[in-house]
Amino acid sequence: MKTLTRSVMMLVICSTLAGCGPNAQERELQRFITTHEEQVKPIMKEANLASWKASNTGKAEDYDRVSELTLQLRHVYSNTDEFAFLKQMRESGQVKQALLARQLEVLYNAYLENQIEPEMLKKIVDLSTKIEKDFSTFRGTIEGEKVTDNQIKQILKTETDSTKRKEAWLASKQVGAAVADDLIRLVKLRNQAAQKLGFDNFHTLSLTTGEQDVKELDRIFGELYELTKEPFAKLKADLDRILADNCGVAVNELMPWHYHDPFFQETPMVYELDLDANYESKDIKELATRFYAGIGLPVSAILRRSDLYEREGKNPHAFCTDIDREGDVRILCNLKNNEYWMETILHELGHAVYDRYHDLEVPFLLRRPVHAFTTEAIAMFFGRLSRNPVWMQQMLDLSDQQRAEIEEASAKYAQLKQLIFARWAMVMYEFEKQLYANPDRDLNSLWWDTVEKYQLVNRPPHREQPDWAAKIHFTIAPCYYHNYMLGELLASQLHHHLVYDVLKLESDENVSYVRQAKAGKFLAKKVFEPGAVYHWNEMIERATGELLTPKYFVQQFVE
Ligand SMILES: [Zn+2]
């Protein structure tokens, strides 16, 4: 872990062989970076520690400290003179040393996204905070009675009376009508801010600062659309028959409220699969520890610093944090011995090993996952194992009979889950792109056109409501949703490469990765150690021999 990776070494050697020691601009940039690191390192560390503390105590004063430090960091990156300096460096074309050029790129993007003028930024933050608050306080109504999100979910999961389902679904959409006007104003404000920085709209600005571009994403999503078109239609037809049967309606009468959540983004639980019994008598922390040790990525040091069990006031969810980019990596969980938390601890430890096994010789600014979706991919790659029948058999000592039973149900379930999510992610990507391109168009029809095209869900007759606005992600995590899908695609691409090229197996039928140290070593070398030394697509190409492609996701879950 402390040795210079070969990839980094190559960059150093090449730049020396070329006979070009650092030029004046490169030396100047290096000085800037050194000062910058000294400035941000302590704030980042303190902010991460404060956030860790706040999540563990739930105290308002601890959260205030987090906001304060976040603001301090934002202040650093909003400096206009420094941004101008980086812009000029970039345009000079004189920064040729690969590692320096990468740091320049990363810095430039970090400054770019913080160049929105303070007044404009305040308007944006205030409005999005207002909408977020409206979301958290709004309650839909059924026959005049207020209902909670959980009550709505419960009805959509179990009710067989179509009228009652419809009422619950309508209640879930009322928040959309309540926030839509504000949300359109917010989109326009974000666009104005982006246009001042020279971008077409906020969507293109966001993609650019995340080192992504519309053309590349269009290509990936377009390919995924084509490859999943027929299999999704077939799978959905089976599902529709079951759903229609359950509610005593004809298949062609199915409406959005016949699916089991307000957006048809989750798998309706119509096929039996209950894996919890397999985990009840086990210690999932011990299973995770043993598994990661077996693939040569030990996690004991991470777990010692982590906070794993429920406690009053503690954040009820789960996350991973890299406190200092020097090895202090922690996860927060609320473990119970069931399948959900097995998946979650494997997932969070996936993030954690990525952070923990960066090469410490890589410059600080590049010592992090190259993209949010690449670390999500690693987390998903490991999280998927909690339902993998081979993994379960080996880790939980199941009989062949038990394994066969799980196999049948879980394959079907995994396929449904992935296909339903993929088609839903296409709706989100496509709609959000159009939303920012022209917020004045008829968004309500655009939404249903998009839903019909990708999810094959009928639009309710004469529906003219902003149903799209009921999705909170447009407000709180703009232009980000597509990354969840890219994460799934990369997880499958890595899986394919590991099975056929690293472990050199004939098929992935018996693959569990249990005690496969070769797999862990490959991920550490090719993905974790280089951090952000290469653009994400270059990292993927260097690791797997191909740019990011949806074909292995399709191979794993569709064919
Ligand atoms: Zn995650």
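**Helix packing around α21**

α20 passes α21 in a right-handed crossing. Helices are DSSP runs of H or I, at least four residues, and strands are runs of E, at least two, numbered from the N terminus.

Ground rules, quickly. This is a predicted model, so local features need pLDDT of at least 70 and side-chain atom pairs count only at pLDDT 80 or more, while totals for chains, interfaces and linings use all residues. Residues are numbered from 1 along each chain as its sequence is written, and side-chain values use heavy atoms, with hydrogens and water left out.

Back to α20 and α21. Their axes are 11 Å apart, and the packing angle is about 120°. That makes α20 oblique to α21. Axes are lines fitted to C-alpha atoms, for helices over the stretch in contact, with angles from 0 to 180 degrees between N-to-C directions.

Who touches whom? From α20 come Leu494, His497, Leu498 and Val502; they meet Lys518, Ala519, Phe522, Leu523 and Val527 of α21. By class, that contact has seven nonpolar, one polar and one charged residues. Contact means heavy atoms within 4.5 Å. Nonpolar covers Ala, Val, Leu, Ile, Met, Phe, Trp, Tyr, Cys and Pro; charged covers Asp, Glu, Lys and Arg; the others, Gly among them, are polar.

Now α21 itself, residues 517–528. Its buried residues are Ala519, Gly520, Phe522, Leu523, Ala524, Val527 and Phe528. Buried is under 20% relative accessible area, exposed over 50%, partly exposed in between, using a 1.4 Å probe and protein chains only. Which helices cover those buried residues of α21? The cover includes α14, α15, α20 (482–502) and α22 (536–544).

Take α22 next. The axes of α21 and α22 come within 9 Å and cross at roughly 145°. This crossing is right-handed. Phe522, Lys526 and Val527 of α21 meet Met539, Arg542 and Ala543 of α22.

Then α14 and α15. Helix α14 spans residues 339–356, helix α15 residues 372–383; their axes lie 7 Å apart at an angle of about 140°. The two are therefore oblique to each other. Their crossing is right-handed. On the α14 side, the contact includes Glu343, Leu346 and His347; on the α15 side, it includes Ile378, Met380 and Phe382. The contact residues divide into seven nonpolar, six polar and two charged.

Two residues elsewhere. Tyr552 sits in α23, residues 551–557. Tyr552 is buried, at 10% relative accessible area. Its C-alpha is 5.3 Å from that of Gln493, 59 residues away along the chain. Leaving out residues up to four places away in sequence, Tyr552 touches Ser492, Gln493, His496 and Glu546.

Leu205 lies in α9, residues 202–209. Leu205 counts as buried, at 4%. Setting aside neighbours within four places, Leu205 contacts Leu112, Ala194, Leu197 and Phe199. Leu112 is 93 residues from Leu205 in sequence, with 9.0 Å between their C-alpha atoms.

How values were computed
Parallel < 35°, antiparallel > 145°, perpendicular 65-115°, else oblique. Left-handed = near helix turned anticlockwise from the far one by under 90°.
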